[in-house]
Amino acid sequence: MNEKRYHVDAAIAEGVGYTIVENASLEGRNTFRVPARANLLIDVRRPQALGELFDYPMVKNGPLLVLGEGSNVLLTRDWPGVVLSMVALGIKECGEEDGRTRIRVEAGEKWNDFVHWTLAHDYSGLENLVLIPGTVGAAPIQNIGAYGVEVAGFIAEVEAWDRHARQLVRLGNAQCRFGYRNSLFKRDRDRYIVTAVDFLLPRQRELHLDYAGVREELRDLGIDKPNARSVAEAIARLRTRKLPNPSLVGNAGSFFQNPVVDAQRAQFLHDQHPAMPTWKLPDSSVKLSAAWLIEASGFKGLRRGLAAVSDQHALVLVNLGGARGNEIRELAEDIRQTVLDRFGVQLEAEPRII
Ligand code: FAD
Ligand code: EPU
């Protein structure tokens, strides 16, 4: 549909460091596989090119949307401005610090490829985060987490283009203000464009095996002395069974965050629903299972037109093929309202809804 590409020969393109497509389709750029278009789509291969790009009024003044692999967004309309994607690649070991190695990773690297790189190079720490889709640049945005581990525990610094200061800045771990599915980058949305992440990784570290199912999976694999690689294998198997594969069925992983309530509210709900899982947090608040609340509200496997709730996992909304973003958003809204009416618990979407 009238997609116009700027033809720049390879040598010039390398020098410029970015490519621009006008009226670009985003359907292949989001894992829900819903249709949407962008006025301009800019793929940036060199972070240094951002200075020049942000001199263009359309890029500088927006509206600007930064997109990685699109595995945590729901597009419900066309984007009336610039969509910018950091596609720079590279992984570099930068020396030892207190027994750990600093590793700089460019934003465009795929997260799961980086996890496998660390395992192949005998680093440990990221094994529980195997098979999470998306780019390294997006990992700090919601502080990706799985199986009892969050990426924040391994990030030394984030390099980002600061649209306010109009320059590349480096933010230390504390400055990133990481929390459960949260960070400075989510709170101050679209101010920072992450260009690279510096990790600090040890060679050896105590394994985290306490999340439900991990020890059982290792046992089924016949592993009695697990290491980082075997834990990654066990978790990859668990994930593959639990979650629909986005390359087969459009989805964005968990559609809602797990809600956190105060201890009193949790006790009240638990008295009424003794089967409801709860997890006490260090500050005495309690995390509930969004999946359980949604399943108990009767939504698991429910189909509405071309949108549905996965029959594999109640927290995952899926595109059965040909759904538009708005159909998925309406189903999500129905779930949110039903859970609120039934349990008095407010669910918050995890993916960014555009
Ligand atoms: P996108 O979806 O493209 O963007 C997500 C957000 O980050 C948007 O707000 C975007 O504007 C912003 N962003 C992206 N790149 C940059 C950048 N370079 N600079 C600034 N902002 C940027 N998440 C978990 O935490 N744990 C899981 O276990 C997990 N499992 C998943 C399983 C499946 C099957 C799927 C589909 C998703 C899952 N997710 C999970 C969610 C998703 O994988 C992560 O949030 C991932 O980090 C998103 O990466 P992305 O490159 O696709 O980002
Ligand atoms: N459950 C149900 N019904 C279901 C599925 C799960 O009732 O259909 C209940 C079960 O009691 C189960 C509990 O929910 O014990 C927890 O399920 P699971 O272990 O699958 O974890 P989750 O809380 O649903 C979270 C993350 C995932 C992450 C897993 C593993 C959030 C919002 N989601 O899911 O992250 O992979 O834990 O750590 O925190 C994502 O963010 O996109 C994502 C997939």
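Arg-181 has a polar side-chain atom 2.9 Å from an oxygen atom of ligand 2, a polar contact being a pair of N or O atoms within 3.5 Å. The model is predicted, so local features need pLDDT of at least 70 and side-chain atom pairs count only at pLDDT 80 or more, while totals for chains, interfaces and linings use all residues. Residues are numbered from 1 along each chain as its sequence is written, chains are lettered from A and ligands numbered from 1 in the order in which they are written, and side-chain values use heavy atoms, with hydrogens and water left out.

**Ligand 2 and its surroundings**

- Lys-242 also places a polar side-chain atom 2.9 Å from an oxygen atom of ligand 2.
- For Glu-350, the distance from a polar side-chain atom to an oxygen atom of ligand 2 is 2.8 Å.
- Ligand 2 has 820 Å² of accessible area on its own, and the protein covers 82% of that area; accessible areas come from the Shrake-Rupley method with a 1.4 Å probe.
- The elements α7 (228-242), β14 (250-254) and α9 (290-296) each give two or more residues to the shell around ligand 2; helices (H or I, at least four residues) and strands (E, at least two) are DSSP runs, numbered from the N terminus.
- The greatest contribution to this shell comes from α9, with 3 residues.
- In total, 22 residues surround ligand 2, and the closest are Tyr-147, Tyr-180, Tyr-211, Glu-295 and His-313; a residue is near a molecule if one of its heavy atoms lies within 4 Å of it.
- The shell comprises 10 nonpolar, 6 polar and 6 charged residues; Ala, Val, Leu, Ile, Met, Phe, Trp, Tyr, Cys and Pro count as nonpolar, Asp, Glu, Lys and Arg as charged, and the others, Gly among them, as polar.

**Aromatic pairs**

- The structure has 11 aromatic pairs, counted where ring centres of Phe, Tyr and Trp (its six-membered ring) lie within 6.5 Å.
- The ring centres of Phe-54 and Trp-161 are 5.8 Å apart and the planes are at 20°, so this pair is stacked (planes under 30 degrees apart).
- Phe-54 lies in the loop between α2 (49-53) and α3 (57-61), and Trp-161 lies in strand β11 (residues 155-162), so the pair ties together parts that are 107 residues apart in sequence.
- Phe-54 is buried, at 2% relative accessible area, and Trp-161 is buried at 7% (under 20%, with a 1.4 Å probe and protein chains only).
- One aromatic cluster is formed by Trp-111, Phe-114, Trp-117, Tyr-123 and Phe-199.

**Charges over rings**

- Arg-203 lies over the face of Tyr-123, 4.0 Å from the ring centre; the rule requires NZ of Lys or CZ of Arg within 6 Å of the ring centre and within 35 degrees of the ring normal.
- Lys-287 lies over the face of Tyr-180, at 3.6 Å from the ring centre.

Methods:
Rings of Phe, Tyr and Trp (its six-membered ring) pair if their centres lie within 6.5 Å; planes under 30 degrees apart count as stacked, over 60 as edge-to-face and the rest as tilted. Buried means under 20% relative accessible area, exposed over 50%, partly exposed in between (1.4 Å probe, protein chains only). A polar contact is a pair of N or O atoms within 3.5 Å; within protein, one must be able to donate a hydrogen and the other to accept it, and residues adjacent in sequence count only if both atoms are side-chain atoms.
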